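Please consider the ligand site of the structure shown here. The briefing is arranged by topic.

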Amino acid sequence: MPAVSPVHSRVKVSAPGKLFLLGEHAIVYNGICLITAVDSRLYMTLEAHPADEPTLTITAPAVGLDHWQHSIDEIVHSNQVSGPASFIASCVALFHRQFPFDVSLKIETASDFAATLGLGSSSATVATALFGLSSLFGVGLSHRQLFDMGVEAIQQVQHLGSGADLAAAIFGGTLYYANHTPREIIPLDIPTLPLMVVYSGQKAGTVNYVQQVRQLHDSLPHIVPPIIELMLTIVEEGRPALEKTDWPRLGQLMNIQHGLLHAIGVDTASLADIVFQARASGAYGAKLSGAGGGDCAIILVSPAKHELLTETLTDAGYQVLPLSVNAVGVRLE
Ligand code: MEV
């Protein structure tokens, strides 16, 4: 394959974080979900430098990388990078196999949001790395092509994951996502979504929770699979409620989804506390968002009740995050 050359010496790109509206966990079982991109972004700068023995250098303070360096040849041929550099290294290896290049790369990331918030920093990293590389080398890859490559990169590192976070990071907006073969990504036209996002104060490990739910699923085959089925019905009913901006209905479905997530063991005392306080303050509905075990809760609440609820939750020691949803997907800065 002929080598590609950089068309720029430096590019800066960004991708949004994400929040699951409905369908987390169920999406893993060839399911469906509703997911939205949030306006808190991960930024990546990529530079190309001529070199006899090309290297990859990564500086990503949020994950403790400071001039981490490795030979690109080794990354491409061994694919053995582990630890916080693994997502970027996996993207570089995949990209290099399709579009070989012989320059050194210097990659730096910075983020509007902490990796601990559970807003999908790994997927935003993969989205920016692949989009950044395609921009740096002038290779026109469609969002769908970036997505398919990104799913492969994530599978190589984590060996699991529905790809929903990645779809949100690349396509942006609010999506109906189906984890079937081939995966379906349908952008939804949502003019508004009055959502409040609250951090529970605990960082959760997505991989652990996905594995824990898998074990429960396999050990209780008459109980957990029907719960997953119910979650999928909730997504099916949630989609028209979201599209028609029927907030009382969507809130009710969010409450039920939270109950089912509690049933499969991924709720925490803090998440439940946020959800109950939100409901007591007259929110339409509230639930944990994502893998559970911590991270964020989302609350569907009318703008009129927003301020009072923010005060209540702040007084209770929680952090209300000033995020808005439906954000733009991966882009050049
Ligand atoms: C994690 O953000 C959401 C899960 O559904 C896992 C996944 O979709 O890969 C729990």
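This is a predicted model: local features need pLDDT of at least 70, side-chain atom pairs count only at pLDDT 80 or more; totals for chains, interfaces and linings use all residues.

Residues are numbered from 1 along each chain as its sequence is written, and side-chain values use heavy atoms, with hydrogens and water left out.

**Ligand shell**
- The residues around the ligand (a heavy atom within 4 Å) are Lys 18, Phe 20, Glu 24, His 25, Ile 27, Val 28, Gly 161, Ser 162, Asp 165, Thr 206, Val 210 and Ala 291.
- Taken alone, the ligand exposes 300 Å² (Shrake-Rupley method, 1.4 Å probe), and the protein buries 95% of that.
- Strand S1 (10-22) and helix H6 (206-219) are the elements that give two or more residues to this shell; helices (H or I, at least four residues) and strands (E, at least two) are DSSP runs numbered from the N terminus.
- Domain 1 (10-189 + 328-332) and domain 2 (195-321) both contribute residues to the shell, so the ligand lies between them; the domain bounds come from an automatic or database domain assignment.

**Contacts with the ligand**
- A polar side-chain atom of Ser 162 lies 2.6 Å from a ligand oxygen atom.
- A backbone N or O atom of His 25 lies 2.9 Å from an oxygen atom of the ligand.

**Backbone features**
- His 25 is in the loop between S1 and strand S2 (32-50), and has a positive phi of about 70° although it is not a glycine.
- The peptide bond from Thr 181 to Pro 182 is cis, with omega near -10°.
- Pro 182 belongs to the loop between strand S6 (174-178) and strand S7 (184-188).

Note on methods. A polar contact is a pair of N or O atoms within 3.5 Å; within protein, one must be able to donate a hydrogen and the other to accept it, and residues adjacent in sequence count only if both atoms are side-chain atoms.
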